[in-house]
Amino acid sequence: MLKQQLQFPLYHQTIHEALPDPDLAQYFLDRFPTPRALHNITAEEEEELTEYDQQAFKPLLAAVNLGTMAVRSPHDLYGQAASSTSVGTTLIDEFAGEEQEMVVAMCTDVHNKIIATKRLFIGGTSECSTYPNQVFRFAIKTGAHGVILAHNHPSGSPAPSTADMIFIKRMEEAGKLIGIALIDALVVGRRDYYSWREARQEEEETDCEILNNR
């Protein structure tokens, strides 16, 4: 418990502020010693807390649930210029705490501004089956000039898998055939994101430097 208190001092301080009774605070922290443990609280555990002391724990649980709803609520990306940085950092917050992979498609106009966004697929904890025809059907329906794809990795790492890279290539080729450009493809982790467009730009810059130094 001391180790976890040192690792998460703000969390423990917040719990003690919310539960001034030290015995109640300790009772809570014994069961949920870290923010992750609290994030994974089950309905049965919530019921156990309220049965132990409804007056103390019910307002705290309501605040926790409200905070979760606020973090997971979709952010308004409409009308924003579709830069990898703005989209990637916004989606880090939007995907926070999600335990399943999901794919988001964002459609852009000729000025590279987002005109529509939709969560198209929700998968398991390690994979999410995505079909190009469904992505581009949504893009065509909205009259999009381009599309940005993003999906999260519940593991927390934004590193793209081999399957991710194969899929991105498929989407790029399919977009060329129907005249809708793949603007970017992002993999969103817990604290960072991977951008296919940024990675490709870095590779091109590196190739140019190598040629110039020959």
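Me: Which residues touch the most other members in the largest nonpolar core?

Reply: Please bear in mind that this is a predicted model. The largest nonpolar core has 22 residues, and C107, V135, V147, L149, M171, L182 and W196 touch the most other members.

Me: Which helices and strands each supply at least two residues of this core?

Reply: The strands are strand 1 (102-108), strand 2 (114-122), strand 3 (146-152) and strand 4 (181-188). The helices are helix 8 (132-141), helix 9 (162-178) and helix 10 (196-212). Helix 8 gives the largest share, four residues.

Me: And what does the second, separate core include?

Reply: That core has 16 residues, among them L24, F32, F57 and L61.

Me: Back to helix 8, then. Which of its residues are buried?

Reply: P132, V135, F136, F138 and A139 are buried in helix 8. Viewed down the helix axis, the buried residues of helix 8 fall within an arc of 150 degrees, so they line one face of the helix.

Me: What do those buried residues pack against?

Reply: The buried residues of helix 8 pack against strand 1, strand 2, strand 3 and helix 9.

Me: Which exposed residues does the face turned away carry?

Reply: R137, I140 and K141 are the exposed residues on the face of helix 8 turned away from its buried side. Just after helix 8 comes G143, with a positive phi of about 70 degrees.

Me: Where is N112 found, and what is its phi?

Reply: N112 is in the loop between strand 1 and strand 2. Its phi is positive, about 65 degrees, although N112 is not a glycine. Most residues other than glycine have a negative phi.

Me: Is N112 buried or partly exposed?

Reply: N112 is partly exposed, and its relative accessible area is 24%.

Me: Let us turn to strand 3. How many of its residues are buried?

Reply: Seven of the seven residues of strand 3 are buried, so the strand is largely enclosed by the rest of the structure. Both of its faces are covered.

Me: In what sense does strand 3 pair with strand 1, antiparallel or parallel?

Reply: Strand 1 and strand 3 pair in the antiparallel sense, over six bridges. C107 stands opposite V147 of strand 3, and both residues are among those that touch the most other members of the largest nonpolar core.

Me: How many bridges join strand 3 to strand 4?

Reply: Seven bridges join them, and these two strands run parallel. The bridge partner of N152 in strand 4 is V188.

Me: Where is D164 found, and what is it in contact with?

Reply: D164 is found in helix 9. Apart from neighbours within four places in sequence, D164 is in contact with H151, H153 and V187.

Me: What is the nearest side chain of opposite charge to D164?

Reply: That is R170, which is 11 Å away. D164 is buried yet has no salt bridge.

Me: Lastly, helix 2. Which residues are buried there, and which are exposed on the other side?

Reply: In helix 2 (residues 9-18), Y11, H12 and I15 are buried. Seen down the axis of helix 2, its buried residues fall within an arc of 95 degrees, so they line one face of the helix. L10 and E17 are exposed on the other side of helix 2.

How values were computed. Residues are numbered from 1 along each chain as its sequence is written. This is a predicted model: local features need pLDDT of at least 70, side-chain atom pairs count only at pLDDT 80 or more; totals for chains, interfaces and linings use all residues. Side-chain values use heavy atoms; hydrogens and water are left out. A nonpolar core is a set of buried Ala, Val, Leu, Ile, Met, Phe, Trp, Tyr and Cys residues joined through side-chain atoms within 4.5 Å. Buried means under 20% relative accessible area, exposed over 50%, partly exposed in between (1.4 Å probe, protein chains only). The arc is that of the directions from the helix axis to the C-beta atoms. Lys and Arg count as positive and Asp and Glu as negative; His and the chain ends are not counted. A salt bridge is a side-chain nitrogen of Lys or Arg within 4 Å of a carboxyl oxygen of Asp or Glu. Contact means heavy atoms within 4.5 Å. Two strands pair if DSSP finds at least two bridges between them.
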